[in-house]
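User: I am new to this structure and would like a close look at one part of it, the place where the two chains meet. Please take me through that part and then set it in its surroundings.

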Number of protein chains: 2
Amino acid sequence: MTALSGQPPVSPALAATLNAERSRVNAALAGVAVQAVAGAPAALAEPMRYALATPGKRIRPILCVSAWRAFRPGDVPDAVYRLAAAVEIVHTYSLVHDDLPCMDDDPVRRGRPAVHAKFGPARATLAGAALIPAAVQVLDAAAAELRVKAATRGALVVELSRAGGAAGMVGGQLLDLESEGRPATAELLERIHSRKTGALLAAALRIGALAAGASEAELAAVSAYGEAIGLAFQIVDDVLDVTGDEASLGKTAGKDESSGKTTYPALFGIDGARSLAASLVADAISALHAGGIHSPELEAIAHYVVERTS
Amino acid sequence: MTALSGQPPVSPALAATLNAERSRVNAALAGVAVQAVAGAPAALAEPMRYALATPGKRIRPILCVSAWRAFRPGDVPDAVYRLAAAVEIVHTYSLVHDDLPCMDDDPVRRGRPAVHAKFGPARATLAGAALIPAAVQVLDAAAAELRVKAATRGALVVELSRAGGAAGMVGGQLLDLESEGRPATAELLERIHSRKTGALLAAALRIGALAAGASEAELAAVSAYGEAIGLAFQIVDDVLDVTGDEASLGKTAGKDESSGKTTYPALFGIDGARSLAASLVADAISALHAGGIHSPELEAIAHYVVERTS
């Protein structure tokens, strides 16, 4: 299958790196899942564990670790992966709630029954909500293990809370719900996705960078990179919804059109959407350079975002 | 109306103190509400603000401030009330979600339409979830203002997250939902309410005490006090549901029986439930004394918990 940017598809070297990173993230997630459900009644622990075991690209935690590595080259301590797993927990909560009958009403997530389809909407709502404070606890424990400066520890919690809250992901989901069945402008789509996807992607990067001791200017650079690739990521998702096949997507293809959501291909055409994604990737890489950040890894991930086929 | 303990009803002096405290808490809540909805789209900010304006006894924030005062007598800085308001935000989120159609399906909360009844279940679910990270941000900002020690600042966030999460409030709500329509034992009722009510009440006290610099032994004492009055509070709620009138309760009386929930009066009779609540209050006060804590205010609040008529 041809990659979206018209360039060669994801290189074998990058694919191997991403796989290795994904394995370490998954191991960290399995570890922190035990911590996340500690003290929970069995009937709550079960849907929480099920949600945390949802397969995924793990793009957010991989970005978090890559941001750390940009400032602290060399071996990455396991605790950094737990820090990164906290970000994935917040992402997981959002998937659980987005799929609820009162939201997108989607019975399938990544080829498995959605949490509400398996455990009912009450347990899904509770399990999703319980993941938010669990993520905060996992983040703070990892930060303590990494012995980050005390002021930074508070800043990490605030980063995650802001991105996962009203000004970030939750606000984006609300704008997205409201826009269904109505014509949307490019400006509104950007407002939706900068909150729904961009905020947590940028927070993942900022959290890795903050923990590694990045400066304010460096934080601003990784934020700009994160916001740009976050939007590119969403544009590519929209394109794949039109051009992809269900087996590789793990979800219903063509769902955007049937649900009446405005998408980038609907606004700009497939080719126009691809060009927009490619130019955002270029912006993301420029932002890193402008901030004096040399990270072949972050650059490769930016290209992967548009070159992926699922 | 006779008070539940058979003692004189709430004294005019305590009633005046509680009213004054409630006013300061409400002022703090109104202030932090602005912070909580910052950056949120209007359609999300609206249900969040509506939820935060739900009238209430403010027992949790009042306990938080009283715990602070037990260790730092004298004028209480405004930031302590904002710290306390963070606890009330978590309580507020739980009310929003508990009332949802997929949970208790209650259209009325404190004499007003429940959030989902006014804004629909999607906006209510999102607004409730957004209150959790908002509470974390409000807590951390208040802790920073109070210049609490860096290690304590992390501990405060962990306290609130633990109480508001799977091992605390959310776990309790799940057990409560599961117990509906089934006979419950006293042991199960205690498991439910120690999580659903006790955990956040104890956290409110621990947060006030931690911020004020209490020792481990003092923290253990306020925890034991909080857990005991938390359970007493719930028992009295159950009794008032049977004996109270709707106007003073602000909710449907007799609702527990019609919803098939097992309650303390159902297990122990009205008088048995009252005695149990009174003995828990005695335990709570003993715990304070055993921890060397002299706080006429916390003792008076313990009595108020059983003497209140609404």
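**Where the chains meet**

Analyst: In this predicted model, 45 residues of chain B are in contact with 45 residues of chain A. The elements of chain B that give two or more residues to this side are α2 (42–52), α6 (121–145), α7 (150–163) and α8 (169–179). Of these, α6(B) gives the most, with 14 residues. Sorted by class, the side of chain B that touches chain A has 30 nonpolar, 10 polar and 5 charged residues.

The arrangement of the two copies comes next. In general, two copies of a chain are related by a rotation about an axis and a shift along it. Here a rotation of 180 degrees, with 0.0 Å of shift along its axis, superposes chain B on chain A, and the RMSD is 0.0 Å. The two copies are therefore related as by a two-fold rotation axis. Within chain B, the C-alpha nearest the axis belongs to Ala150(B), 2.7 Å from it. Both copies use the same surface, since 100% of the contact residues of chain B recur in chain A.

One helix of chain A shows how the chains pack. The buried residues of helix α2 (residues 42–52) of chain A are Leu44(A), Ala45(A), Pro47(A), Met48(A), Ala51(A) and Leu52(A). They pack against α1 (12–36), α4 (78–98), α5 (115–119) and α6 (121–145) of chain A, together with α8 of chain B. For Ala232(B), leaving aside its neighbours within four places in sequence, the contacts are Ala277(B), Leu280(B), Val281(B), Val305(B) and Val306(B).

Another covered helix is α3 (residues 59–71) of chain B. Its 13 residues reach 19 Å from the first C-alpha to the last, close to the 18 Å expected at 1.5 Å a residue. α3(B) is mostly covered, as 11 of its 13 residues are buried. The buried residues include Arg60(B) and Ser66(B), along with Ile59(B), Leu63(B) and Trp68(B). What covers the buried residues of α3(B) includes α1 (12–36), α4 (78–98), α9 (186–211), α10 (216–243) and α14 (296–307) of chain B.

For the setting, consider chain A as a whole. Chain A has 14 helices and 2 strands. Its C-alpha atoms fill a box of roughly 50 × 50 × 35 Å along the principal axes. A compact globule of 310 residues would have a radius of gyration near 19 Å, and chain A, with 18 Å, agrees with this. Buried residues make up 54% of the 310 residues in chain A. Among its contacts between residues at least 6 apart in sequence, 75% join residues at least 24 apart.

A last detail concerns the backbone. Most residues other than glycine have a negative phi. Arg110(A) has a positive phi, near 55 degrees, and is not a glycine. Arg110(A) lies in the loop between β1 (108–109) and β2 (112–113) of chain A. With 13 other C-beta atoms within 10 Å, Arg110(A) is partly exposed. In chain B, Arg110(B) has a positive phi of about 50 degrees, and its place is in the loop between β1 (108–109) and β2 (112–113) of chain B. Arg110(B) is partly exposed, with 13 other C-beta atoms within 10 Å.

Definitions and conventions:
Residues numbered from 1 in each chain as written. Chains lettered and ligands numbered in written order. Predicted model: local features only at pLDDT ≥ 70, side-chain atom pairs only at ≥ 80, totals over all residues. Contact = placed C-beta atoms within 7 Å. Helix = DSSP H or I, 4+ residues; strand = E, 2+ residues; numbered from the N terminus. Nonpolar A, V, L, I, M, F, W, Y, C, P; charged D, E, K, R; others polar. Least-squares fit on C-alpha atoms with pLDDT ≥ 70 in both. Buried ≥ 20, exposed ≤ 12 C-beta atoms within 10 Å, placed from the backbone. Expected span 1.5 Å × (residues − 1). Rg over C-alpha atoms; globule rule 2.2 N^0.38 Å.
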